[in-house]
Amino acid sequence: MISYKSVWSDKTGRHRQLEKSVTKQQTAMFGSEVLHEKDKAQRVQHHFNIVSSKYDLMNTILSMGIHYAWKKSSVKALALKPPDRLLDLCAGTGDLSSMAGKIIGNAGQIVACDFNWQMLKTGIKKKRCRPFSKNTNFIQGDAESLPFSDEQFDAVIIGFGIRNLTHLEQGFREIFRVLKPEGRMVCLEFSKPKTFWFRLFYDFYSYKIMPLLGALITGSKDAYTVFPESIRIFPLPDEIVSILSEIGFKNISYKRLTDGIAVRHKAFK
Ligand SMILES: C[S@@+](CC[C@H](N)C(=O)[O-])C[C@H]1O[C@@H](n2cnc3c(N)ncnc32)[C@H](O)[C@@H]1O
């Protein structure tokens, strides 16, 4: 049995994800595992190397297809229009880029950036059979040190990526840097469901069903054990608001999706 009381971190636990603590202690969390700060990126890369070919399928099965609705509403929240230039950060296999492409069309430009080549490669293959904008480019790059000069993008979207960074504030600072003045950002990330009874069901599903499905489909039980753990130690929506506001973002708001399983933050430079 899992202890439902202990799976969601308290404030002290969540604050271990923050840069101040990571840099001071030189430790980072990978799920419930404590690593040296320098080793986390490599573990994240390894994780996505294992799941990349089955990533889209797993997302659809595990979320029962709901992730498409969350992603669609996040792209819509960016209020894109041609000829906007959009950065899809931690783009993975490019779902958000593909959805944004339908709005921006071929007049704008989309840069799908991720540091994992296997995930990008899966996205590039998908581009051949899905309606991506002609002007979508896949670029390998680290979200903590983006390979772009200042004020390049009208909008930035990051879907289920920020949780993976070693220094999450640094990721947000980089987003702020590459946004044009008045540019907008949407960050979609998993979070803590609001309703107690729903949380009980979600915890059971996350800890008992997800790892089993992960093992069956990707061959790795570990990959989908780390996944629920990383969600439960991630800062809560109001804590993300504080981080964004300290960096300088304005008009910050958030919306809980599906009782708060996912949260969509929106902010402006
Ligand atoms: C859960 S996937 C999300 C993919 C996609 N955005 C989606 O919503 O389906 C997280 C992605 O973040 C990428 N990622 C993690 N850390 C990163 C970093 N430091 N720089 C760039 N990409 C990173 C991973 O390689 C992975 O493709």
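In which sense, parallel or antiparallel, do strand E3 (residues 85-89) and strand E4 pair? In this predicted model, E3 and E4 pair in the parallel sense, over 5 bridges. Within this pairing, arginine 85 has glutamine 109 of E4 as its bridge partner. The two strands also belong, together with helix H6 (residues 95-104), to a right-handed β-α-β unit.

Cysteine 113 stands opposite isoleucine 139 of E5. Here too a right-handed β-α-β unit is formed, made of E4, helix H7 (residues 117-127) and E5.

E4 is mostly covered, with 6 of its 6 residues buried. Gln109, Val111 and Cys113 point one way from the strand, while Ile110, Ala112 and Asp114 point the other way. In a regular strand, side chains alternate between the two faces of the sheet. In E4, the residues pointing either way are all buried.

Because 6 of its 7 residues are buried, E9 is largely enclosed by the rest of the structure. Strand E7 (residues 179-190) runs antiparallel to E9 and is joined to it by 7 bridges; arginine 184 has phenylalanine 268 of E9 as its bridge partner. Strand E8 (residues 250-257) also pairs with E9 in the antiparallel sense, over 6 bridges, and lysine 255 stands opposite arginine 264 of E9. E8 and E9 form a hairpin with 4 residues between the strands, in which threonine 258 takes a positive phi near 50°.

Notes:
Residues are numbered from 1 along each chain as its sequence is written. This is a predicted model: local features need pLDDT of at least 70, side-chain atom pairs count only at pLDDT 80 or more; totals for chains, interfaces and linings use all residues. A residue is buried if 20 or more other C-beta atoms lie within 10 Å of its own, exposed if 12 or fewer, and partly exposed in between; C-beta atoms are placed from the backbone. Two strands pair if DSSP finds at least two bridges between them. A crossover is right-handed if, with the strands pointing away from the viewer, the path from the first strand over the helix to the second runs clockwise.
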